[in-house]
Amino acid sequence: MQIIKNESIDQIKARIRQQTSKTSDPLVESRVTNIIKTVREKGDIALRAYAEEFDHVSLDELKVSAEQIDLAVKNVDPAVIRALEKAAVNIRSFHQLELQQSFEDSPRSGVTRGTKVTPLSAVGIYVPGGTAAYPSSVLMNALPAKIAGVKNIIMVTPPQKNGLNDAVLVAARIAGIDSIYQVGGAQAIAALAYGTESIPQVDKITGPGNAYVATAKRAVFGQVAIDMIAGPSEIGILADESARAKDVAADLLSQAEHDSNARAILITNSEKLAQAVSDEVNVQLSTLPRAAIARDAIDNNGFIYLVDTIDNMIDLMNAVAPEHLEIQLENAYDYINKIQNAGSVFLGKYASEPLGDYLAGPNHILPTGGTARFSSALGVWDFQKRIQYLYYSKDALLDDINDVTVLAREEGLEGHARAIEIRQS
Ligand SMILES: NC(=O)c1ccc[n+]([C@@H]2O[C@H](COP(=O)([O-])OP(=O)(O)OC[C@H]3O[C@@H](n4cnc5c(N)ncnc54)[C@H](O)[C@@H]3O)[C@@H](O)[C@H]2O)c1
Ligand SMILES: N[C@H](CO)Cc1c[nH]c[nH+]1
Ligand SMILES: [Zn+2]
């Protein structure tokens, strides 16, 4: 990994800004625009053609049948099913805390104001499947939607040469997903946004994916809602000399192995740790089955920044705004209040990131590419919306007539003023 030292904080921040802004690739943008247009024009025919072109699968049926899921349940190792069920229990109990409640108040006699919280009607969840199958992402996507009360959860995931991954299908059954379609990439996002003969149009699309998926979600926003841009995985680690280089290296690689565009960043005040982590990454890399992907990620987006103080380390990490942030500093818990930008924070040397990816309960669908500056983890709130309401009695209206009409006439909106005044008689 490249060690950057002797640069000022401002120089490093400028580098970081440059790295995050290069996530929008004009070639990907133009391909995605074309894919969306083609899906809108040709529907299922386009989806089948793209399955052949990008996934090398010829499909008769896009929808997965209940029998295929039954078969998957039989094929999956019971230990995997038990682990998925345990993960589901933890994810449910954590996300239950996120449920927003309706509320109402009465500021004075004759006036009631309220907000009714309702689930979205139909959501599309994207489960990635290009270079790895993600049963864990099925749970992370669907369980918050279930808790919110969404009635129609439609899952899309890229088709696979030998059929969809069994554990993905089992996770879909555990989560109670309503229908599953074998379609991936930008074409899946277009299908959910506009509908095709077989895939229903949804109100919101959630879930992570590669650059094609992230770009397509950005493009259909407005036609449907989206959760966030959850693109290639990232990890940022704040560590001092108390951290073990082999733990830090392993955690950096845990995210690097996702995607050659993944980002792995260590910020430290210890030159000794910086060098040891850089060496250890090379040692551990060579034995990883996905070494080629992880190597690309480390070469493209793997950086160790050496800075002088912990305050400067935190300041820089807030500029990175990583998807996952590990704090491997002495007294890690003391620093949580100084973190302004991160998708999810892991405190202390035993809270290794993969705990959050699989089992602990917080969501692993998180903002990437610096977007943690303004967006948050996928949660139950993503699947709920709010409707405000208001009730006035005649006496309450009479009390407010003057103030409303004065404001309406100040804005030159006579019709507004008259709508209020007409009720006096
Ligand atoms: N942020 C999160 O919460 C989170 C969680 C899990 C995974 N991830 C990320 O999700 C991503 C998964 O990526 P993936 O590639 O494995 O699966 P994916 O499902 O996102 O993408 C696969 C699809 O990409 C499309 N595609 C591939 N090459 C293409 C091309 N040249 N032109 C047009 N379309 C093309 C194909 O349709 C293919 O089906 C990784 O980056 C991983 O880091 C993120
Ligand atoms: N780390 C990924 C989010 O960036 C989530 C994941 C799923 N499986 C393993 N990891
Ligand atoms: Zn992961």
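Which residue in β11 is the bridge partner of Ile 265? The partner is Phe 303, and the views below place this pair in the predicted model.

**Notes to all views.** Residues are counted from 1 along each chain as its sequence is written, while chains are lettered from A and ligands numbered from 1 in the order in which they are written. Because the model is predicted, local features need pLDDT of at least 70 and side-chain atom pairs count only at pLDDT 80 or more, whereas totals for chains, interfaces and linings use all residues.

**View 1. Domains of the chain.** The assignment, whose bounds come from an automatic or database source, gives domain 1 (2-23 + 232-373), domain 2 (43-228) and domain 3 (394-424). Between the C-alpha centres of domain 2 and domain 3 there are 47 Å.

**View 2. The open sheet of six strands.** The strand order is β1-β11-β10-β9-β12-β13, with parallel pairing; strands (E, at least two residues) and helices (H or I, at least four) are DSSP runs numbered from the N terminus, and two strands pair if DSSP finds at least two bridges between them. At the edges stand β1 (2-4) and β13 (344-347), each of which pairs on one side only. Neighbouring strands of the sheet are turned by 20° against each other on average, direction ignored, where axes are lines fitted to C-alpha atoms, for helices over the stretch in contact, and angles run from 0 to 180 degrees between N-to-C directions. Strands β10 (residues 263-268) and β11 (residues 302-306) run parallel and are joined by five bridges.

**View 3. Strand β9 and its partners.** Six bridges pair β9 with β10 in the parallel sense, and Glu 234 has Arg 263 in β10 as its bridge partner. Towards β12, which runs parallel to β9, there are five bridges, and Gly 236 stands opposite Leu 325. In a regular strand the side chains alternate between the two faces of the sheet. In β9, Glu 234, Gly 236 and Leu 238 point one way and Ile 235, Ile 237 and Ala 239 the other, all of them buried (20 or more other C-beta atoms within 10 Å of the residue's own; exposed means 12 or fewer, partly exposed lies in between, and C-beta atoms are placed from the backbone).

**View 4. Helix α10 over the strands.** Helix α10 (residues 245-256) lies across β9 (234-239), β10, β11 and β12 (324-328), running at about 165° to β9. Together β9, α10 and β10 make a right-handed β-α-β unit, meaning that, with the strands pointing away from the viewer, the path from the first strand over the helix to the second runs clockwise.

**View 5. Annotated positions.** The unreviewed UniProt entry marks Ser 233, Gln 255, His 258, His 324, Asp 357, Glu 411 and His 416 as "binding site"; positions follow the numbering used here, feature names are shortened, and annotations may be inferred rather than shown by experiment. They span 184 residues in sequence and the farthest two C-alpha atoms are 56.4 Å apart, so they do not all gather at one spot. His 324, in strand β12, counts as buried with 25 C-beta neighbours inside 10 Å. Beyond four places in sequence, the contacts of His 324 include Glu 234, Gln 255 and Ser 344 (contact: C-beta atoms, placed from the backbone, within 7 Å). Glu 411, in the loop between α15 (394-410) and α16 (414-421), is exposed, with 9 other C-beta atoms within 10 Å.

Terms used
Two residues are in contact if their C-beta atoms, placed from the backbone, lie within 7 Å.
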